[in-house]
Amino acid sequence: FPLHSMESRFTTAHGLIVAVALGGAFYLAGLHISRQPVAVSPGTITVTGEGKIQVMPDVAEIHFGVTTGPQTTAKAASDKVAADMEKILAAVKAKGVADKDITTENFSLNPMYDWTDVRQRLRGYEATQSLRVKVRDLDAVGDVLTAATDNGANQAGGVQFTLDDPEGKKDEARTEAIANAKKKAEALAAQLGQDLGDVQSFNESVGGGWYPPVMYARAEAYGVGAVMEDKASASLPSGEQDLTVNVTITYELR
């Protein structure tokens with residue numbers, strides 16, 4: 001045979017051997033892979049639970065303040081609001097409110113203008129200071145309100161009954177909610193012929209719309225001259241409120 005024909009046949013034969021060898025290797029690898037266990041994700045169930053407890057508010061938050069109305073200068077407005085607030089603070093503290101429970105929420109000093117068709121004219125300066133006062137003796141809430149308004153408070157917001165430290169009560173409601181959710185999950189798992197596994201996720205929300213503000217005053221134009229509907233010391237019962245914690249838990253099934 002010619003030399004080039006022998007070389008061609010040798011090359012062809014060599015290629016077939018390589019192809020068979022590679023094919024065998026892939027086949028064996030495929031057998032090895034097919035014998036490996038396939039990972040299967042465990043099933044899960046998601047349940048909700050609610051915990052609700054009755055709580056008695058232990059503090060009241062009151063919001064009120066002073067607006068000076070237009071004063072001739074900025075200093076005059078600042079001096080007036082400071083003097084008015086000093087009288088209010090003295091009266092409120094005399095009713096048993098501690099310094100630590102009095103917080104300034106806002107202080108502002110602004111120019112006031114009269115507007116005409118041609119130009120604006122400076123009418124004066126107005127200062128406003130508002131407070132948030134925490135009253136721990138709920139029987140004294142009406143007295144504190146009366147003391148503040150009788151001594152110069154002419155802006156009034158409302159009374160909000162709340163808990164001074166709600167975390168302990170939240171823990172109690174949360175424990176009840178988790179127990180409620182777990183009971184549901186165990187029953188559902190049993191119906192599915194499964195065992196309850198580990199917790200995969202957890203979420204909670206606290207709600208109920210509790211401790212709504214109680215409005216006790218109305219303001220006239222520009223917030224000046226707010227007046228109490230009844231100057232007598234008001235009776236403001238707080239009553240029990242619902243504290244609700246809702247949880248959503250995802251469990252693994254086994």
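How exposed is Tyr113, in terms of relative accessible area?

**Figure 1. Overview of the predicted chain.** This is a predicted model, in which local features need pLDDT of at least 70, side-chain atom pairs count only at pLDDT 80 or more, and totals for chains, interfaces and linings use all residues. Residues are numbered from 1 along each chain as its sequence is written, and side-chain values use heavy atoms, with hydrogens and water left out. The chain holds 4 helices and 10 strands (DSSP runs numbered from the N terminus: helices are H or I of at least four residues, strands are E of at least two). Their order from the N terminus is α-β-β-α-β-β-α-β-α-β-β-β-β-β. Of the 254 residues, 32% are buried (buried means under 20% relative accessible area, exposed over 50%, partly exposed in between, with a 1.4 Å probe and protein chains only).

Figure 2. Tyr113 belongs to strand β3, which covers residues 102-115. Tyr113 is partly exposed because its relative accessible area is 35%.

**Figure 3. Close-up of Asn154 and its surroundings.** Asn154 sits in the loop between α3 (141-150) and β5 (155-162). With a relative accessible area of 14%, Asn154 is buried. The side chain of Asn154 reaches the backbone nitrogen of Thr67 at 2.9 Å. Asn154 and Thr68 are 86 residues apart along the chain, yet their C-alpha atoms are separated by 8.9 Å.

Key. Polar contact = N/O pair within 3.5 Å; in protein donor to acceptor, adjacent residues only side chain to side chain.
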